[in-house]
Structures are given as C-alpha cells and as structure tokens.
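Hi everyone, thanks for making time. Let's look at the model together and walk through a few side chains.

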Amino acid sequence: MSYDEKLAKRLSRIIVQRNDFYEQKMFGGIGYLLRGNMCFGIWKDSLILRLGESQAQKALVKKNVKPFDITGRAMKGWVMVAPAGMKTEAALKTWVIQAINFVSQLPRK
C-alpha cells in the first residue's frame with residue numbers, strides 16, 4: 001500500500017500559501033519538510049507528526065494517536081494519527097499547526 005493521496009491533497013491545501021515547505025517521498029510515504037526539517041507526513045493512511053518529546057507525550061493520551069513506529073523502534077518526539085483522528089479539516093489543521101509550531105523553532109537546514 002502506498003500513501004493516502006487524498007490525505008496528501010488535504011495537507012497541501014493547508015500549506016498552499018506557504019513557500020517554505022517542500023514535499024519529499026520517504027519511508028514508503030511522503031514527507032513535508034519545513035525549511036529543510038521534516039515536519040509532518042503520511043505513512044499509509046496515517047498522519048505522522050513531529051511534535052517534540054513534550055508535545056508528543058501529551059498527544060499520545062488522545063484517542064487515535066500512537067507513537068510513530070514503523071520499524072520496531074519508535075521515533076522520539078513523533079506520533080502517528082489514525083484516519084479517525086483527522087476526519088475533519090479542522091482536526092487535521094490543528095495537528096499540522098502543532099507540528100509547524102515545533103519545527104519552526106528548529107534551525108534551518
């Protein structure tokens with residue numbers, strides 16, 4: 001299974017006004033990089049988000065969220081959101097904004 005292209009279109013609509021993002025195929029999905037830093041992406045039908053360790057821990061208590069682990073070793077500071085956790089555009093945008101807020105603090109690559 002490749003990544004969810006409908007989700008990719010939804011994500012692209014959220015960041016369409018920004019010129020500091022680019023897309024890159026990776027890990028069998030697609031990643032969205034902000035100023036050279038991975039910010040969020042899609043793996044199969046799940047949204048993956050880089051939130052930082054503190055925000056990721058807070059997100060993990062929410063329904064439909066689990067650690068980003070596709071290799072048997074979870075990535076610290078990252079989470080995966082199942083489709084049920086981002087059904088609405090508002091929910092999806094809320095997740096994306098959290099990732100953007102974190103990654104915006106990182107140095108440009």
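Let's start with asparagine 37: a polar atom of its side chain lies 2.8 Å from the backbone oxygen of proline 107. Before going on, a word on the source: this is a predicted model, where local features need pLDDT of at least 70 and side-chain atom pairs count only at pLDDT 80 or more, while totals for chains, interfaces and linings use all residues. Residues are numbered from 1 along each chain as its sequence is written, and side-chain values use heavy atoms, with hydrogens and water left out.

Back to asparagine 37, which sits in strand S3, residues 37-43 (strands are DSSP runs of E, at least two residues, numbered from the N terminus). Is asparagine 37 buried or exposed? Asparagine 37 is buried, with a relative accessible area of 3%; buried means under 20% relative accessible area, with a 1.4 Å probe and protein chains only. Leaving aside residues up to four places away in sequence, asparagine 37 touches several residues, including Tyr32, Arg50 and Pro107 (contact means heavy atoms within 4.5 Å).

Now the aromatic rings. Rings of Phe, Tyr and Trp (its six-membered ring) pair if their centres lie within 6.5 Å; planes under 30 degrees apart count as stacked, over 60 as edge-to-face and the rest as tilted. By this rule there are four aromatic pairs. Tyrosine 32 and phenylalanine 40 have ring centres 4.9 Å apart and planes at 20°, so that pair is stacked. Both tyrosine 32 and phenylalanine 40 are buried. The rings of phenylalanine 68 and tryptophan 78 have centres 5.8 Å apart and planes at 45°, so this pair is tilted.

Methods
Buried < 20%, exposed > 50% of the residue type's maximum accessible area, 1.4 Å probe, protein only. Helix = DSSP H or I, 4+ residues; strand = E, 2+ residues; numbered from the N terminus. Polar contact = N/O pair within 3.5 Å; in protein donor to acceptor, adjacent residues only side chain to side chain.
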